[in-house]
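User: I'd like to learn how to read the pockets in a model. Could you walk me through it?

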Amino acid sequence: MAKTSDQTKEACVYEQWMNLQQQELSELNQAIALNANGCTTNAELSQLIDKILSHFQDYTQKRTLMAQIDVSPYFAPTWCTSLERSVLWIGGCRPSSYVRLIYALCGEEIESHLSEFLRGVRIGNLGEISGIQISMVDELQRKTIREERKLSERIASLQEDVLDHPLASIAVKSSGGGGGSVEEALDEHGRAMAEILKEADELRMDTLREIIRILAPQQAVDFLAAGKKLRLCMQDWGRKRDLDHGQGFQISSSASKMFVSMCKDRRLTARFNCAGVL
C-alpha cells in the first residue's frame, strides 16, 4: 500500500471536521425549531451544546498530534480555499471573532425587530441579552484580545528569528543544501510553531467555553448555529471565488477513503482517533 502523506492525512481530518459542522448545524437548527415550539428543555439543549464542545476539543487534540509531525501546512493549509486562508490567524479563526459574532447577532435581531422590541415583545434569544451578560462579554473580549496579541508577537518573533539565525548564516556559508544543520534548525522551528498552534487552539477552546458559560442555553444554541453557518458559508463562498478565478478546489475522495481505511489500523487509531470527526 502506498504511503499516505502527512498533508493528505491532515486534509482528510479537516474534510471530516467540515462534514461534522454540517451535521451539527442540522441538529442545532432542529433544536432551535423545537425550542420555539416549547418542545425541548434547557437540559436537552445543554446536552447538545456539551456534545458540540466535546467534538471541538477532540478536533483540536488531533491537530496538536498531527502538527507535531508536520506543522507548516496548518499556517497555509492547501485544503482550505484562498478566501479561507486569507482570514486565518495561527491556523484558525481569531478567538475574539467569537465575541464579535455575538455583537453582530444581538444588533441584527434588535434591528430586524425594532418595533416589537420597543413594544416589549420577545424578539429572540440573543436579542434579549442582558446588561450583565454584555458586561461579561466585553470583559472576555478585552481579555481575549490581550492573549491574541501575545501569541501574535510570539509568532512574529519566531518568523524573524528563524530567518536571522541560523538559516541566514547557513545559507550564506553553504555551497549546497546545508545538510543536517538546516534540518535541525527547521525541526526546532517546527516544534516552536506547533506549540504556538496548540496554545492558539487552547485560546479558541477557552474563549468558546467562556461564551457558552455566559449565555443561556437557548442563546448558546443560536450562537453556535450562526457560527457554524458562517463557517460553512465561508467555505462555499471561497470555493465559488476560486472557481471563478480558475482555481479548482476539491479534497480527493480517494484520499479521504484511504485515510479512513488507515485509521482502522490500531496504531493509527490510537494516534489520530478518527471517531470524533466522522
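User: How much space lies in the largest pocket?

Analyst: Keep in mind that this is a predicted model. For the largest pocket, the space comes to about 930 Å³.

User: Okay, and which residues are closest to the centre of that pocket?

Analyst: A residue counts as lining when it has an atom within 4 Å of a pocket point. Here 34 residues line the largest pocket, and G92, C93, Y98, G227 and R231 are the closest to its centre.

User: Which elements give two or more residues to that lining?

Analyst: Those are α1 (6-36), α2 (42-67), α4 (96-112), α7 (179-214) and α8 (217-244). The largest share is from α8, with seven residues.

User: What does the lining look like by class?

Analyst: You get 20 nonpolar, eight charged and six polar residues around the largest pocket.

User: Now the second largest pocket: how much space lies there?

Analyst: About 300 Å³. Its lining is made of 15 residues, and those nearest the centre are A67, Q68, V71, G190 and R191.

User: And which elements supply at least two residues of this second lining?

Analyst: Both α2 and α7 do. The most comes from α7, which gives eight residues.

User: How does the second largest pocket's lining split by class?

Analyst: Into five nonpolar, five polar and five charged residues.

Technical notes:
Residues are numbered from 1 along each chain as its sequence is written. This is a predicted model: local features need pLDDT of at least 70, side-chain atom pairs count only at pLDDT 80 or more; totals for chains, interfaces and linings use all residues. Side-chain values use heavy atoms; hydrogens and water are left out. On a 1 Å grid over the protein atoms alone, a cavity is a set of points where a 1.4 Å probe fits but cannot get out, and a pocket is an open set with protein on both sides within 12 Å along at least five of seven lines; lining residues have an atom within 4 Å of a point. Grid points are joined across faces, edges and corners, and a volume is the space filled by probe spheres set on the points. Helices (H or I, at least four residues) and strands (E, at least two) are DSSP runs, numbered from the N terminus. Ala, Val, Leu, Ile, Met, Phe, Trp, Tyr, Cys and Pro count as nonpolar, Asp, Glu, Lys and Arg as charged, and the others, Gly among them, as polar.
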